[in-house]
Structure formats: structure tokens, C-alpha cells
Amino acid sequence: MASIKYAFLMRVVITAPSLDESKNVSGISTVVSQILKAEHVDYVHFVAGKSDDERRNLEWLCRQLVLPIRFYRAIKKADIVHVNTALNPLSIFRDLVLAKIAKYFRKPVIIHVHGGRYLVEEFRSSFLKTLAHGMLVAADLVLVLSDTEREFLLNRWDDLKIGVLRNAVSSDEFTVGCKLSNSIVFMGRMHESKGLEELTEAFKSLKNENFLFHVYGNGPMRELFIREMRGILGEKFYYGGIVSGSEKMKILSEADIVVLPSRYGEGLPMVLLEAMASGCIVIASRIASIVELIEDGVNGFLIEPRDVNNLIEKLNFALEADESEKLRIRHNARRTIELRYDLRGYLQRLEEFYRRVLK
């Protein structure tokens with residue numbers, strides 16, 4: 001019976017950066033790590049994308065030149081090609097090539113969009129916009145993370161076939177622990193798009209001085225951000241490196257507030273789902289799919305991108321809220337994940353999309 005069951009497994013080549021969280025802080029990698037847990041699909045992970053500490057040098061360039069050859073070899077026996085991308089320039093160039101290769105060899109293609117600068121923002125180059133359209137229209141199906149994103153893309157290009165697949169987490173794996181009062185956590189990639197400059201300015205001006213700020217992650221701004229935060233906060237600041245697995249779950253279970261004041265480029269950040277599943281009070285920018293996840297003042301707080309005063313206002317409010325108010329927001333955050341963003345239905349919906357493109 002086992003051999004009969006295996007004969008009907010779909011073979012899917014799925015692209016993502018390295019899944020090693022010690023080398024790569026990536027929401028796409030987190031999503032794909034969850035997808036690979038599916039029991040009814042035979043997945044092959046094809047590594048496409050740069051690790052955090054990888055430099056764009058001659059060695060990197062050589063790897064990009066042989067990428068199409070490696071990809072062709074990987075997809076020869078595939079039933080479906082699942083390309084995870086972000087609407088950033090280099091990702092668009094790379095994934096357009098991968099999508100065209102897959103279509104040339106008559107493989108059904110799903111393009112799964114995970115944010116990126118030009119998901120919401122207008123393209124600065126008509127050439128890049130044409131390439132992005134070429135990548136997406138080559139797909140048998142484009143997956144986005146919310147109805148909001150679907151509307152954005154269809155208003156730009158009305159010839160795309162788009163499905164909605166919201167990111168999800170296994171809420172049972174995350175627990176609401178004993179919260180460390182007034183502990184603020186940033187967890188993610190240290191890049192200017194994450195609003196690190198706004199965080200730096202905000203912590204200079206908080207009225208409430210009774211807090212700790214803990215930072216976890218990696219990225220091009222790591223050294224600068226850590227140095228500035230230590231200068232501003234001294235012993236109230238702690239950098240904990242890259243965390244994953246049970247260590248990350250423990251940190252979030254104890255965190256009071258999780259902040260993500262992104263400027264652009266977000267889709268539906270996994271760290272927000274994980275934080276809300278852990279009963280944290282989240283403060284995040286009003287962009288892309290985040291507006292469907294967070295209802296301001298109900299299950300978290302929304303701020304305007306690049307607005308330092310708005311960030312200060314919401315941080316002060318969260319720090320000074322009484323315990324009953326905090327408990328209300330924590331409960332609503334956890335319930336949001338359980339009801340709308342739990343992993344149990346996610347893998348089933350993805351398999352349904354696979355079957356749709358196979359038809």
C-alpha cells in the first residue's frame with residue numbers, strides 16, 4: 001500500500017534561500033520550512049537567493065551564471081515548479097529566468113509573492129515593471145498573502161491568475177508564557193527597510209524609561225544598529241544574535257511588546273504571526289497584508305511608515321497600559337492566529353492550488 005500511495009505523490013521543486021536560520025534571516029525560508037513538512041507532496045528544495053553574510057563578488061556572480069543549468073537539472077522530473085519571490089530588482093531578474101525555463105520545458109509554474117519593495121510602491125523603472133509583469137504572467141498561478149495584495153496586483157495588471165494563501169503558523173507550538181514586564185523585542189533582518197532608523201530615534205524620546213529592548217537577527221545594518229542602541233540605552237539594550245526553534249519560541253513567550261516599524265517591502269511577516277500566537281502586543285507599520293492582520297487597538301497597534309512620532313506614541317501607550325488592557329490585546333492577538341492564520345489548513349489549501357494548476 002505504501003508504494004501505491006507514493007505513486008500519487010506530486011513532485012514539486014520549490015525555490016527558497018538557505019533554510020539554515022543561522023545563516024539566513026528570511027521570511028521566505030521560514031515559510032518554505034513549514035511547507036516542506038507536508039506529507040502528501042514530494043518536495044525538492046532548490047536554493048535560490050543570497051544568505052545574509054554572502055557577498056556579491058566574483059564567486060557569487062559565477063553561481064548566478066550556472067543557476068539556470070542547475071535549475072533545469074532540478075526540474076526535469078518535477079510535476080510542478082513553485083517559485084518563491086519578492087518584488088525586488090534582483091529577485092525579479094532571477095525568478096523571471098527560472099519561470100521562463102520551467103515554462104519552456106512545459107512545467108506548471110506557481111509564483112508565490114512574498115512582499116518586496118514594488119509590491120505596493122510604484123516601479124521606478126518601466127523596464128523593471130515590464131520584467132516583473134513578464135515573470136508573473138508566465139505563471140499558471142500567482143499566490144499572494146492577502147486580498148489586499150491581490151487587489152494591488154490586479155489594479156496594476158488585470159491579466160494575472162491570482163490566488164490568496166495567507167501565511168500561517170502552528171499556534172499549538174507557541175505559548176503565552178510569564179511576560180517580562182515592559183520588555184520590547186525586535187526580531188528579524190537588520191536592513192533599512194525594517195525602520196531601524198525610526199527605532200533609533202524613537203528610543204531617544206520615550207517618556208517611559210522603565211523598559212528593556214532586546215534585538216535578535218542579522219543583516220547589513222547589524223553593527224551600526226547595535227552600536228547606536230548601546231550608546232542610547234546602555235544596559236537597557238541586549239543583542240541576542242540569531243535565534244530559532246525552541247529558543248525563539250521561549251523569547252516570544254516571555255516578550256511583552258514586539259515592534260516592526262517597516263518602511264516598505266513587507267508581505268505578511270512571519271515574526272508578527274509568531275509574536276501574536278505567543279500573546280505579544282505587536283506594533284507594526286500599516287503596509288501591505290499587515291493591515292488585514294492587525295486591527296489597531298484591538299489585537300495590536302498600527303503605525304504609519306517612517307513616522308517616528310507615531311511610533312513613540314504607540315510604544316508609550318503600550319508601555320503604560322494597565323494589565324487588563326494588555327490582557328485584552330494579548331487574548332485578541334492569540335485568537336486572531338487561531339481562527340485565521342493557523343497552519344492546519346494552510347498545507348491543505350496549498351495542495352488544492354497544486355491540483356488546480358495540474359489540471
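Helix α10 (residues 270-277) and helix α13 (residues 323-340) cross at roughly 115°, their axes coming within 7 Å. Helices here are DSSP runs of H or I with at least four residues, strands are E runs of at least two, and both are numbered from the N terminus. Axes are lines fitted to C-alpha atoms, for helices over the stretch in contact, and angles run from 0 to 180 degrees between N-to-C directions.

This is a predicted model, in which local features need pLDDT of at least 70 and side-chain atom pairs count only at pLDDT 80 or more, while totals for chains, interfaces and linings use all residues. Residues are numbered from 1 along each chain as its sequence is written, and side-chain values use heavy atoms, with hydrogens and water left out.

Where the two helices meet, L273, M276 and A277 of α10 touch A333, R334, T336 and I337 of α13 (contact means heavy atoms within 4.5 Å).

Now to the sheet. Six strands form an open, parallel sheet in the order β9-β8-β7-β10-β11-β12; two strands pair if DSSP finds at least two bridges between them. At the edges lie β9 and β12, each pairing on one side only. Neighbouring strands are turned by 20° against each other on average, direction ignored.

| Strand | Residues |
|---|---|
| β7 | residues 183-189 |
| β8 | residues 212-218 |
| β9 | 237-239 |
| β12 | 301-303 |

Strands β7 and β8 run parallel and are joined by seven bridges, with G188 standing opposite G217 in β8. Helix α9 (residues 245-254) packs on the sheet, where α9 touches β7, β8 and β10 (257-260), and the direction of α9 makes about 145° with that of β7.
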